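Colleague: I'm new to this one. Could you put it up and walk me through it?

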Amino acid sequence: MEAAGIKTIVVSDLCKRFGWLEVLSDINFDVKQGELVCILGPSGCGKTTILRIIAGLVPHYYGSVLLEGEDIRINRDSLHNTAIVFQEPRLLPWRTVWQNIRLSLELRNKKMEADDEQLVEHALALVGLSEFAKSFPHQLSGGMKQRVALARALVTQPQMLFMDEPLTGLDLRNREELQDEILRIWNEKKVSLLLVTHDPAEAIYMADRIIVLSGRPSSIRDIISVSIPRPRPRDAAETLALEQYIRSLFGDD
Ligand SMILES: Nc1ncnc2c1ncn2[C@@H]1O[C@H](COP(=O)(O)OP(=O)(O)OP(=O)(O)O)[C@@H](O)[C@H]1O
Ligand SMILES: [Mg+2]
């Protein structure tokens with residue numbers, strides 16, 4: 001059954017090719033206000049490409065992307081309500097944690113506002129890094145760098161947050177800890193969250209709905225509503241059965 005709610009992101013008939021390479025074929029889905037949706041699929045299936053298109057970073061594609069009801073090719077205003085966390089933290093090594101986070105605000109407003117300081121402080125506190133404001137990226141662990149990248153996205157107070165495999169490369173403990181933190185922040189901030197992952201277990205743990213992609217070019221194999229109450233058990237029979245079903249959609253079970 002379709003969840004009720006205002007659709008903040010609507011992707012219709014999206015197709016994308018890079019030269020001769022057809023990557024995405026006929027992608028249709030939506031994200032409702034406050035919903036957490038995962039895009040799940042094997043490596044190279046076009047997950048990053050979808051996210052980059054929705055974030056307004058890829059101009060040429062077929063089909064349409066509506067954010068808050070507006071086609072991003074016609075009206076880019078709603079893109080100001082979005083923020084993206086990339087697959088790698090992409091921090092500037094010569095800037096402190098504080099300055100890296102402040103950069104998002106600097107890029108948006110030409111001159112800094114008085115309450116910008118508070119916004120940075122709040123974002124730092126949200127990801128639990130207040131004590132490391134003056135550290136440089138090389139002094140941080142991988143998980144901490146990802147937290148900074150998350151804070152840098154949160155500082156502009158987006159209503160739509162896009163995350164591209166932000167936890168890949170972290171060890172299991174760090175990954176599970178950050179999954180919980182992302183869920184907590186999502187809950188607190190009531191953002192619409194579109195999260196890319198290639199890990200079925202992560203998608204089942206996090207998502208309200210999972211969009212499963214596979215094939216070449218990629219198309220949507222299924223959109224799965226996950227109704228297991230949170231906090232979700234990681235190895236319950238229900239979870240494992242769902243994971244097996246998803247893997248069968250990938251074609252690699
Ligand atoms: N700018 C580009 N120019 C040419 N081909 C590209 C470009 N960006 C992506 N591709 C191709 O599109 C396909 C999908 O890439 P994409 O990065 O979206 O996959 P992905 O699902 O995010 O993979 P991964 O899980 O490894 O991050 C790949 O075959 C890739 O080579
Ligand atoms: Mg990718």
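Colleague: Which residue does Val 37 stand opposite in β8?

Modeller: A word first: this is a predicted model, where local features need pLDDT of at least 70, side-chain atom pairs count only at pLDDT 80 or more, and totals for chains, interfaces and linings use all residues. Residues are numbered from 1 along each chain as its sequence is written, while chains are lettered from A and ligands numbered from 1 in the order in which they are written. Strands here (E, at least two residues) and helices (H or I, at least four) are DSSP runs numbered from the N terminus, and two strands pair if DSSP finds at least two bridges between them. β3 (residues 36-40) and β8 (residues 192-197) pair in the parallel sense over 5 bridges, and the residue in β8 opposite Val 37 is Leu 194.

Colleague: What is the strand order of the open sheet of 6 strands?

Modeller: Pairing in this sheet is mixed. Its edge strands, β6 (82-85) and β10 (219-225), each pair on one side only, and the twist averages 15 degrees from one strand to the next. Read across, the order is β6-β7-β8-β3-β9-β10.

Colleague: Which helix lies across β3, β9 and β10?

Modeller: Contact means C-beta atoms, placed from the backbone, within 7 Å; axes are lines fitted to C-alpha atoms, for helices over the stretch in contact, with angles from 0 to 180 degrees between N-to-C directions. Helix α4 (residues 142-154) lies across β6 and β7 (160-164), at about 170 degrees to β6. The one across β3, β9 (209-214) and β10 runs at about 30 degrees to β9, and that's α7 (residues 237-250).

Colleague: Which element gives the most to the shell around ligand 1?

Modeller: A residue is near the ligand if its C-beta atom, placed from the backbone, lies within 6 Å of it. The residues around ligand 1 include Phe 18, Gly 44, Lys 47, Thr 48 and His 198. β2 (21-32) and α1 (47-54) each supply at least two residues of that shell. The top contributor, with 3 residues, is α1.

Colleague: What is the radius of gyration of the protein chain?

Modeller: The chain has 7 helices and 10 strands. Its radius is taken over C-alpha atoms, and the globule rule is 2.2 Å times the number of residues to the power 0.38. That rule gives 18 Å for 253 residues, and the chain comes close to it, so it is as compact as a globular protein of that length: 18 Å.

Conventions. Two residues are in contact if their C-beta atoms, placed from the backbone, lie within 7 Å.
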